[in-house]
Amino acid sequence: MRRMSDPLRDRIERYYAIVPLLFADAEEFGPLRLFVRKDPGAPYYGGPSHAQPTGTASVGAADIARVRARQRELGVPEAFEWLAESAPELRARIEAAGLLVLRRPLMVLPPHHALPPQPLPDGVTLRALTADDPVLPAALALPRLAFAKVPLAAEPGPATGPSDRAELSRLAEALTGDGTVAAVRPTIRAGHKTLVAALAPDGTPLAIGHYHPANATTEIGGVGTLPSARRQGLAAAVTAALVAHARAQGVETIFLAYAEETVARIYARLGFRPAGTTLLIADQPARS
């Protein structure tokens with residue numbers, strides 16, 4: 001039976017259905033769908049249709065196995081992502097297939113909540129990056145360090161430490177060499193993706209975040225800070241700048257997902273509130 005409609009949840013579901021199609025094709029596997037990326041970048045995932053949820057009564061082990069077989073063929077993670085409330089029975093079936101399912105509660109910023117700019121350390125500036133910004137390769141590389149399972153040892157001081165600089169430079173060169181940076185440039189030019197970076201006086205990115213707008217809705221994601229630049233309020237400052245930029249572009253609904261309560265408290269201080277819905281992910285590196 002179809003769940004009762006919730007306006008906010010419906011907007012979020014439509015958003016999750018539309019945004020991947022800016023970067024990926026959709027392949028149908030009966031009641032499940034798999035987004036297959038067209039260009040280099042973080043791979044997408046399988047799941048039920050967010051746009052027209054019909055429940056998961058007809059999803060069986062064979063359907064899940066077909067999606068996973070296609071993902072193995074493509075050489076991408078056997079990942080799934082969906083809103084818990086739109087497909088309440090799918091979690092048990094994904095777990096029965098042997099995949100670990102993680103919860104990512106969502107938070108939303110009330111439309112009329114004023115979010116002023118957040119304080120920055122001396123000399124640090126914020127910038128929305130253009131497609132040809134010289135900082136772009138390092139900014140795209142920064143999340144590899146920010147979200148590393150075993151981050152580099154943090155070094156004291158407001159600027160990046162030597163280990164951060166060397167690794168960031170190496171990763172930036174790698175992303176340039178494998179075509180990732182070139183693939184992102186047209187997305188930025190088209191307005192499908194906006195990145196905001198907090199920059200040290202020498203131009204080194206210290207923190208980064210992004211959003212993808214669609215139908216006056218967006219999710220803020222990828223907000224991360226270089227290990228040696230943490231605990232200076234940079235994530236909050238980048239988040240506030242992303243909100244201001246999105247609102248200036250006509251975005252009305254702004255939400256985000258979180259993995260840890262410590263992170264949720266930061267967003268709560270900025271004015272974000274529980275959205276009453278939860279994202280579930282399985283083997284989704286970009287969300288983990």
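Going by ring geometry, the count of aromatic pairs comes to seven, where rings of Phe, Tyr and Trp (its six-membered ring) pair if their centres lie within 6.5 Å, with planes under 30 degrees apart taken as stacked, over 60 as edge-to-face and the rest as tilted. Take Tyr15 and Phe255: the ring centres sit 5.5 Å apart and the planes meet at 85 degrees, so this pair is edge-to-face. Tyr15 belongs to helix 1 (residues 7–18) and Phe255 to strand 10, so the pair ties together parts that are 240 residues apart in sequence. Helices (H or I, at least four residues) and strands (E, at least two) are DSSP runs, numbered from the N terminus. Tyr15 and Phe255 are both buried, that is, under 20% relative accessible area, against over 50% for exposed and in between for partly exposed (1.4 Å probe, protein chains only). Together with Tyr16, Tyr15 and Phe255 make up one aromatic cluster.

The model is a predicted one, so local features need pLDDT of at least 70 and side-chain atom pairs count only at pLDDT 80 or more, while totals for chains, interfaces and linings use all residues. Residue numbers start from 1 along each chain as its sequence is written, and side-chain values use heavy atoms, leaving out hydrogens and water. Average pLDDT (the predictor's confidence in each residue, from 0 to 100) is 89, and 90% of the residues score at least 70. Residues 150–160 are another story: pLDDT stays under 50 there, and the model gives them 25 contacts beyond four places in sequence, a contact being heavy atoms within 4.5 Å.

Overall, the protein has eight helices and eleven strands. Of its 288 residues, 48% are buried. Among contacts between residues at least 6 apart in sequence, 72% join residues at least 24 apart.

Strand 10 (residues 253–257) pairs with strand 9 in the parallel sense over three bridges; pairing here takes at least two DSSP bridges between two strands. Thr253 in strand 10 is the bridge partner of Thr217. Strand 9, helix 7 (residues 234–248) and strand 10 form a right-handed β-α-β unit, meaning that with the strands pointing away from the viewer, the path from the first strand over the helix to the second runs clockwise.

Strand 9 (residues 217–225) is mostly covered, with eight of its nine residues buried. Strand 8 (residues 205–214) runs antiparallel to strand 9, and seven bridges join them. Among the facing residues, His210 stands opposite Gly221 in strand 9. The hairpin of strand 8 and strand 9 has two residues between the strands, and Asn215 takes a positive phi near 55 degrees there.
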